[in-house]
Amino acid sequence: MRCLLCARWSIPLVCGECDRLLAPTPKLHKIKHLDLISFYDYDTIETLLWAKYHAFGSFILQRLAKKAFRPFFSDLKLEREAALIPIDDRPNAFFSHTAILAKYGAGGFARPYFGCLRANSNVKYAGKTLAFRKKHPRRFICKNFPPEDAILIDDLCTTGTTLLEAEETLEKRGKKTLFAVTLAKAR
Ligand SMILES: [Zn+2]
């Protein structure tokens, strides 16, 4: 088969050379008042993020999560327990991409809670404008989880609408969002 990134012949889905290029570079962004940490340029991993719509995608997401999420969270110093909340972790046909990412953040005071924040609308945001996103909220339903602090987990932040809506939903439950973590931030 061919490498997903460079299209050279490769036995793994991402060839050794491209895999080395996927070293994460953590960046801090501001989504209004909310801190967001991302690890990759969107252009570098765009092809890889589309893998979430395919059966082999869980392998790709695990690879990225292991490279980016695991070292970030193992260095993270939290003062008390925080819930890692994957955004809308309802599985698609094959798996839930945000649940995979949250799993790789587990350790220390950070623990994933699955199925706690699911969208109640079927609206798809991919390729949609900010105006469209604002007009069609995800209408999250939040199930309770024990820690008071939460860290939001998603694969991609585009406009930030989803993250801000997620934060607002948690706030209504009395939860404080410390920050959000995504693999990439689209410009
Ligand atoms: Zn390659």
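Analyst: Before we start, a residue is called buried when its relative accessible area is under 20%, and exposed when that area is over 50%. The model is predicted.

User: Which residues of helix H2 are buried?

Analyst: Helix H2 covers residues 42–49. The cut-off for buried is under 20% relative accessible area. In H2 the residues that count as buried are Ile-45, Leu-48 and Leu-49.

User: Within what arc do the buried residues of H2 fall, seen down the axis?

Analyst: An α-helix has 3.6 residues a turn, so residues three or four places apart point the same way. The buried residues of H2 line one face of the helix, because seen down its axis they fall within an arc of 90 degrees.

User: Which elements do the buried residues of H2 pack against?

Analyst: The partners include both strands and a helix. They are strand S2 (34–41), helix H3 (57–75), strand S7 (149–157) and strand S8 (176–185).

User: What pattern does the protein follow along the sequence?

Analyst: The protein has 6 helices and 8 strands. Read in sequence order, they give α-β-β-α-α-β-α-β-β-α-β-β-α-β.

User: What is the radius of gyration of the protein, and what would a compact globule have?

Analyst: The C-alpha trace spans about 50 × 40 × 30 Å along the principal axes. For 187 residues, a compact globule would have a radius of gyration near 16 Å, and the protein agrees with this, at 16 Å.

User: Of contacts between residues at least 6 apart in sequence, what share joins residues at least 24 apart?

Analyst: A contact here means heavy atoms within 4.5 Å. Among contacts between residues at least 6 apart in sequence, the share joining residues at least 24 apart is 71%.

User: Does Arg-63 count as buried, partly exposed or exposed?

Analyst: Arg-63 is in helix H3. Its C-alpha atom is 9.7 Å from that of Val-14, 49 residues away along the chain. The relative accessibility of Arg-63 is 36%, so the residue counts as partly exposed.

User: How far apart are the C-alpha atoms of Thr-129 and His-97?

Analyst: Thr-129 sits in the loop between strand S5 (117–119) and helix H5 (130–135). At 48% relative accessibility, Thr-129 counts as partly exposed. Thr-129 and His-97 are 32 residues apart along the chain, and their C-alpha atoms are separated by 23 Å.

User: How far apart do the centres of the positive and negative side chains lie?

Analyst: The protein has 31 positive and 19 negative side chains. The centres of these two sets are separated by 5 Å.

How values were computed: Residues numbered from 1 in each chain as written. Predicted model: local features only at pLDDT ≥ 70, side-chain atom pairs only at ≥ 80, totals over all residues. Heavy atoms only, no water. Buried < 20%, exposed > 50% of the residue type's maximum accessible area, 1.4 Å probe, protein only. Helix = DSSP H or I, 4+ residues; strand = E, 2+ residues; numbered from the N terminus. Arc of directions from axis to C-beta. Rg over C-alpha atoms; globule rule 2.2 N^0.38 Å. Lys, Arg positive; Asp, Glu negative; His and termini not counted. Charge placed at Lys NZ, Arg CZ, Asp CG, Glu CD.
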